[in-house]
Amino acid sequence: MNSEDRRSNLFSNDIKDGIFLHAVIQGRDITLQLPRNVQPALSGLPARSPGFTGRDRDLNAVMQFMDPANESQNKSATILLSGLGGVGKTELASQVAYTVRGASDWFPGGVIFVDLFGYDRRLSLSPERALTSLLQAIGVPEESVPEDLQSRIRLHRSILAAYAERGARILLILDNASSADQVRDLLPTDGINFALVTSRHTLSIGARLYELKALDPQASIRLLRNSIAVSRGEEDERIDEDVDSSHALSRLCGNLPLALQICAAILADSPRRPVSSLVESLNKSHSRIDELRREDKAVRAVFDLSYELLTESERRVLGFASFSPGPDISTAAAARLVDVPEGEVERTLVGLSRAHLVEEGNTWGRWRLHDLVRLYALEAVADLAGQGEAVARLYEFYLDHSREAARILGVEEATGFFASRDSALEWFDAEYRNLIETVYVAANQPELLAYAAEIPHRLARYLDIRCLYNDWKEVMEASLSTLEDCGHEHYKANALNSLGMVSRELHQLSSSIAFHEQAISIARNLDDDIMLAKYLNSAGNAFFDNRDFESALDAHSEAAEIFARDCDYLGFARATDNSASALRMLKRTEDALPLHEEAIRIFREAGIRESEARTLSHMGCTLFDLGRIGESVVAHKEAIEMFRRLELRGPLAKALVNLSNSLRECGDMNGALDAIDESLSAHSALDDQVSVARTLNQRGLVYSDLGDFDQAVASFNECLDLLHGYDDLIEVGYAFANLGRLHGMNMRPTEGIYFFKKASVVFARCNASDDLATVRQMIWALSLAVP
């Protein structure tokens with residue numbers, strides 16, 4: 001008995017030798033299979049400064065406290081690094097992370113870095129959003145992240161504890177926290193895993209406190225010398241040639257590493273400038289640094305000096321770049337923001353990065369502002385004309401590109417912005433965080449409402465492809481909240497429909513159907529057939545997943561009729577293919593096949609490869625049900641090759657399972673097992689636990705046919721382990737039924753009856769009448785063989 005491509009609310013990584021975790025979230029039991037090691041370790045960590053110095057004592061103290069061999073009773077598992085902005089808290093945390101990863105086995109589970117942006121109101125992460133990032137980093141798929149804060153907290157701490165029990169201790173680095181409330185819920189509570197928190201405040205979080213002070217004078221001199229040497233080499237001896245001026249410079253900088261690095265950059269940019277000249281310039285701002293312990297005055301003095309050295313164009317770029325709503329900005333976006341050619345703005349940004357006023361991003365062509373620099377720049381351009389127009393240009397840039405990127409993902413045709421589908425995906429990969437932040441900012445400004453309404457709609461296709469379902473849902477909710485009372489019914493309907501789609505992907509089917517029904521109601525009231533057909537087709541998919549095949553067929557059929565009337569042939573083809581799938585589930589298989597064939601013809605003529613591949617895969621299942629097994633194999637193989645070329649791992653993994661089923665029916669057991677192995681490999685990057693379970697069920701069937709009882713039992717049991725706690729899921733019924741069949745074939749009627757009875761309970765709950773009738777018949781047959 002083979003399960004079809006159905007969905008549920010259970011997902012995980014399928015990684016061998018991983019950690020199985022049973023937990024409760026939102027009243028549901030789940031089982032997650034997590035990787036033994038946190039793979040993204042250090043991926044978000046800032047690079048170490050090559051000029052790092054002066055913190056050996058602090059570094060050693062932190063390392064000694066974290067040493068697992070240092071088992072002092074009641075020792076906290078959290079360290080708080082506090083101190084002034086610019087004092088080097090993040091740098092020290094980075095040094096700790098690289099040290100423990102490179103020279104010890106203290107944290108075999110990995111190191112995870114999250115910047116909480118606590119002092120930037122626009123970028124500051126709430127505990128809910130920070131927990132989403134942490135859960136994904138420790139192996140929880142997007143689809144399994146709970147909706148409410150308390151469930152996220154419980155799941156996060158339970159998983160950390162599970163890692164700890166397996167000896168996979170993890171170090172969390174929570175950077176830039178502004179309050180105890182922001183960070184408290186993120187901390188591990190198992191006493192084994194460790195958290196390193198940085199903040200400008202002393203936070204009451206039960207942590208061991210290390211307060212970083214300004215560097216001592218000799219360390220400040222070393223930092224100046226080292227930083228200049230990185231750029232100019234050891235032969236630049238200005239710091240040692242004028243020791244008095246160098247000490248004066250470090251004092252004027254308040255011995256703060258950030259200020260010292262900016263001064264070093266200024267000197268490196270002007271190799272003939274004496275240190276005394278820089279000291280003289282800083283002394284002119286001496287009234288601003290009357291209290292060196294005050295972060296704002298020490299750093300502001302250096303910023304003021306650095307700012308005074310900028311050209312007008314550099315000041316404009318720096319100031320306008322601070323308007324960017326996201327964590328970074330591309331050269332192209334900055335060019336649109338400032339309204340100058342890309343080459344010119346790139347040269348300006350490179351100059352600003354040398355002055356440490358702008359930081360290079362993770363890849364070339366992307367730029368970040370330290371939050372202190374951002375705040376300074378916002379103040380510096382507070383009275384600059386044209387700010388509103390600049391923000392509008394930036395948002396228009398994001399909207400224009402997201403429109404074209406979404407379009408190419410849908411119709412797979414090159415556009416003026418993007419040469420290929422891959423380039424559109426790459427642009428979204430780099431910009432989607434900025435797009436999401438743009439929506440959040442625009443949602444609170446009436447004059448920008450149109451961006452908050454449309455950008456999420458353009459972003460949704462990408463988020464679907466990348467399986468970023470929680471981001472998709474949250475940005476749509478933000479968009480919808482701005483539209484509730486604004487009269488933008490078309491935008492509101494689009495948001496509701498999109499929320500229905502993502503709720504279906506998250507397996508919140510009742511919510512999905514409710515959202516779709518609201519969208520359909522608005523479309524009918526507006527008498528908008530184009531919207532109505534699209535929403536009906538989406539609703540049909542939700543009905544299908546909810547096993548209401550009659551309602552699914554009705555919705556898809558009405559959508560197809562409207563699409564045909566409006567000459568929207570691609571929409572017609574999609575609705576037609578969906579109708580065929582519903583007909584197949586209603587046992588009207590002969591009626592389904594021509595609908596698949598018509599949809600394939602339309603997609604091929606239009607060159608829409610992804611839709612053609614999906615329809616071929618659907619048709620392969622219909623051909624199988626018709627007993628045309630050879631043709632089913634051909635259809636699945638053709639779909640699989642297209643999915644491989646398009647790098648669509650989700651559809652590929654599912655199509656491979658269907659191919660395995662057809663090959664098994666043909667007697668090609670080696671081919672069937674090869675398809676299963678490839679499917680499991682594809683699933684390793686997807687975190688789709690239900691599909692993994694379905695694949696394991698299929699593997700059990702192949703081993704059953706090969707007469708390998710032990711391997712078959714192991715596969716079925718592994719399938720059931722993944723689905724533990726989900727007794728209402730039909731895939732559980734299939735696994736139990738297949739175990740019953742296996743035991744019956746091996747002359748174990750008592751065991752067979754036991755598993756068939758468990759399957760019958762599941763099938764009854766799922767209203768799977770045909771499957772229920774089959775297992776009841778098997779129970780009767782096996783009962784005759786019981787001694």
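Visitor: What do the side chains of D464 and R461 form where they meet?
Guide: A salt bridge, at 3.6 Å from N to O. The term means a side-chain nitrogen of Lys or Arg within 4 Å of a carboxyl oxygen of Asp or Glu. Keep in mind that this is a predicted model: local features need pLDDT of at least 70, side-chain atom pairs count only at pLDDT 80 or more, and totals for chains, interfaces and linings use all residues. Residues are numbered from 1 along each chain as its sequence is written, and side-chain values use heavy atoms, with hydrogens and water left out.

Visitor: How far apart are D464 and R461 in helix α18?
Guide: They sit 3 residues apart, about one helical turn, in helix α18 (residues 449-465). Helices are DSSP runs of H or I, at least four residues, numbered from the N terminus.

Visitor: Is D464 buried or exposed?
Guide: D464 is buried, at 19% relative accessibility. R461 is partly exposed at 24%. Buried is under 20% relative accessible area, exposed is over 50%, and partly exposed is in between (1.4 Å probe, protein chains only).

Visitor: New topic. Which residue does E678 form a salt bridge with?
Guide: R644, with the closest N and O atoms 2.7 Å apart. E678 lies in helix α29 (residues 669-683) and R644 in helix α27 (residues 629-646), so the pair ties together parts 34 residues apart in sequence.

Visitor: How many salt bridges are in the whole structure?
Guide: The search finds 38. One network links R336, D400, R403, E454 and R458.

Terms used:
Helices (H or I, at least four residues) and strands (E, at least two) are DSSP runs, numbered from the N terminus.
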